[in-house]
Amino acid sequence: MAMMARTIRNSASRCTMMSRPIFGLRSMSSWWKNVEPAPKDPILGVTEAFLADPSPDKVNVGVGAYRDDNGKPVVLDCVREAERRIAGTSFMEYLPMGGSVKMVEETLKLAYGDNSEFIKDKRIAAVQSLSGTGACRLFADFQTRFNPGSQIYIPVPTWSNHHNIWRDAQVPQKTYHYYHPETKGLDFKGLMDDVKNAPEGSFFLLHACAHNPTGVDPTEEQWREISQLFKAKNHFAFFDMAYQGFASGDPARDAKSIRIFLEDGHHIGISQSYAKNMGLYGQRVGCLSVLCENEKQAVTVKSQLQQLARPMYSNPPLHGAQIVSTILGDPELKSLWLKEVKVTFPCFMCAHTFDGESYLIKHVESHVVFDNSTKELESDKQIMADRIIGMRTTLRESLEKLGSPLSWEHVTKQIGMFCYSGLTPEQVDRLTSEYHIYMTRNGRISMAGVTTGNVGYLANAIHEVTKSS
């Protein structure tokens with residue numbers, strides 16, 4: 001009887017508990033009720049739509065990663081060899097907050113020059129970053145902490161994530177003219193007017209080379225004029241250099257804008273990334289550097305950059321830094337990397353060599369006798385910068401052969417991974433719905449997604465949606 005009584009009391013107790021409002025659970029369930037789905041990333045959303053399309057004819061020219069002529073990802077031979085040398089030779093300890101000292105040292109040489117006086121004088125505050133995105137974000141937080149109330153001038157257009165980075169770092173944004181839609185080139189006058197009219201001492205974001213998304217870069221002479229105006233206005237230039245070596249095949253040429261500003265006495269900031277030029281997309285390895293007045297200031301600035309990094313991610317990753325420092329620190333591997341990022345071509349009519357097909361063809365055309373067969377160039381390994389240049393030429397020629405009423409000269413004038421095609425959002429929508437071709441709605445074509453197998457199909461589709469324009 002006693003046991004039965006206890007059972008009845010326990011049952012009653014459970015019923016009472018179930019009948020009471022569970023305030024804790026109710027409160028917990030309401031914590032996130034105001035959270036709405038985030039808008040899809042305009043670039044990553046293209047890939048999601050492409051993957052969901054069952055069409056066998058689908059083409060993805062939205063991806064911002066290099067692909068070979070079969071549309072497959074590429075791992076460079078220098079990277080594979082570096083990994084082989086690294087395997088099993090070190091522990092997996094934390095890197096310092098500032099990252100790999102060796103990787104940072106080699107990275108600074110790429111940007112500032114092997115014999116840079118600024119490196120010798122230890123005037124550069126530099127830390128390893130989570131690729132170019134991390135470098136930009138770290139600088140944006142540095143800007144807002146030590147120049148509160150300052151703004152950042154960002155070109156129109158720019159890589160969409162630039163706006164997200166400085167927005168989340170609480171830095172107010174202004175824009176400056178860059179791309180001219182009618183000429184599909186640089187709006188140099190608009191750019192210079194905006195630089196001139198900006199308040200003295202403003203921060204400007206500049207693309208060092210291969211402007212994303214337009215592929216339109218200032219000429220060397222225009223860079224010199226920009227630098228002089230920056231100096232007169234005492235502006236601060238922050239360079240995002242995501243494509244050094246990848247744009248022209250020559251790292252020194254791609255850093256020319258930075259070298260001009262250094263020659264003119266600017267104190268600048270630089271974001272560097274090895275995603276594109278070494279194909280280390282998933283390793284997230286990069287560098288943020290800030291040129292300072294002297295060694296003492298550089299030590300101070302670096303300490304603050306490390307302080308900002310500590311609550312963000314504490315320490316940068318190890319493996320990618322080891323790959324980079326192994327390649328750049330070994331003359332044999334560095335030479336191999338330079339060959340892989342740049343294929344040189346011989347002129348069959350003289351002794352000159354050139355860094356890309358377009359440069360060679362222009363040179364050959366200067367000869368009195370011109371044989372079209374010289375365009376059929378031979379190379380043991382056609383990759384990276386050269387393949388992109390070659391696909392630009394082929395796409396333009398294909399559109400012209402189709403009798404397009406439009407000018408496609410801008411396709412070969414632009415440089416780097418992306419072609420700002422001039423296609424309207426409506427035309428892009430037709431490419432997707434009718435031809436299963438995927439790109440961002442601003443008409444940006446990733447030339448890395450264009451291959452000898454799909455360039456004809458792509459050109460025909462573009463012709464069909466633009467011929468009535």
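Author: Start with Ser-273: its bridge partner in strand 10 is Gly-286. Strands here are DSSP runs of E with at least two residues, helices are runs of H or I with at least four, and both are numbered from the N terminus.

Reader: Before we go on, what kind of model is this?

Author: This is a predicted model: local features need pLDDT of at least 70, side-chain atom pairs count only at pLDDT 80 or more, and totals for chains, interfaces and linings use all residues. Residues are numbered from 1 along each chain as its sequence is written, and side-chain values use heavy atoms, with hydrogens and water left out.

Reader: Good. In which sense do strand 9 and strand 10 pair?

Author: Antiparallel, over five bridges. Strand 10 covers residues 286-291. Two strands pair if DSSP finds at least two bridges between them.

Reader: And strand 8 with strand 9, parallel or antiparallel?

Author: Parallel, over four bridges. Strand 8 is residues 236-241. Phe-238 has Gly-269 of strand 9 as its bridge partner. Asp-240 stands opposite Ser-271, also in strand 9.

Reader: Is strand 9 buried or exposed?

Author: Strand 9 runs over residues 269-273, and five of its five residues are buried, so the rest of the structure largely encloses it. Buried means under 20% relative accessible area, exposed means over 50%, and partly exposed is in between (1.4 Å probe, protein chains only).

Reader: Which residues sit on each face of strand 9?

Author: Gly-269, Ser-271 and Ser-273 are on one side. Ile-270 and Gln-272 are on the other. Both faces are covered.

Reader: Zoom out. What is the strand order in the open sheet?

Author: The order is 2-10-9-8-7-3-4, seven strands with mixed pairing. Strand 2 (124-129) and strand 4 (173-177) are at the edges with a single partner strand each, so one side of each has no neighbour in the sheet. From one strand to the next, the twist averages 25°.

Reader: Which helix packs on that sheet and touches strand 9?

Author: Helix 7, residues 131-146. Helix 7 touches strand 2, strand 3 (152-156), strand 7 (203-207), strand 8, strand 9 and strand 10. Its direction makes about 155° with that of strand 9. Contact means heavy atoms within 4.5 Å. Axes are lines fitted to C-alpha atoms, for helices over the stretch in contact, and angles between N-to-C directions run from 0 to 180 degrees.

Reader: What lies across strand 4 and strand 7?

Author: Helix 9, residues 188-197. Helix 9 runs at about 140° to strand 4.

Reader: Switch to helix packing. At what angle do helix 5 and helix 12 pack?

Author: About 80°, with their axes 8 Å apart. That makes helix 5 roughly perpendicular to helix 12 (65 to 115 degrees; under 35 is roughly parallel, over 145 roughly antiparallel, the rest oblique). Helix 5 is residues 101-112 and helix 12 is residues 256-263.

Reader: Which residues meet between helix 5 and helix 12?

Author: Lys-109, Leu-110, Ala-111 and Tyr-112 of helix 5 meet Ile-258, Arg-259 and Leu-262 of helix 12. By class, the contact has five nonpolar residues, no polar ones and two charged. Ala, Val, Leu, Ile, Met, Phe, Trp, Tyr, Cys and Pro count as nonpolar, Asp, Glu, Lys and Arg as charged, and the others, Gly among them, as polar.

Reader: Electrostatics next. How many salt bridges are there in the whole structure?

Author: 18. The cut-off is a side-chain nitrogen of Lys or Arg within 4 Å of a carboxyl oxygen of Asp or Glu.

Reader: Which residues are in the salt-bridge network with Arg-84?

Author: Glu-81, Arg-84, Arg-85, Asp-330 and Glu-332 are linked.

Reader: And what does Arg-396 pair with?

Author: Glu-400, at 2.9 Å between the closest N and O atoms. Both are in helix 17 (residues 384-401), four residues apart. Arg-396 is partly exposed at 24%, and Glu-400 is partly exposed at 42%.

Reader: Last one. How many helices and strands does the protein chain have?

Author: 20 helices and 15 strands. Of the 469 residues, 50% are buried.
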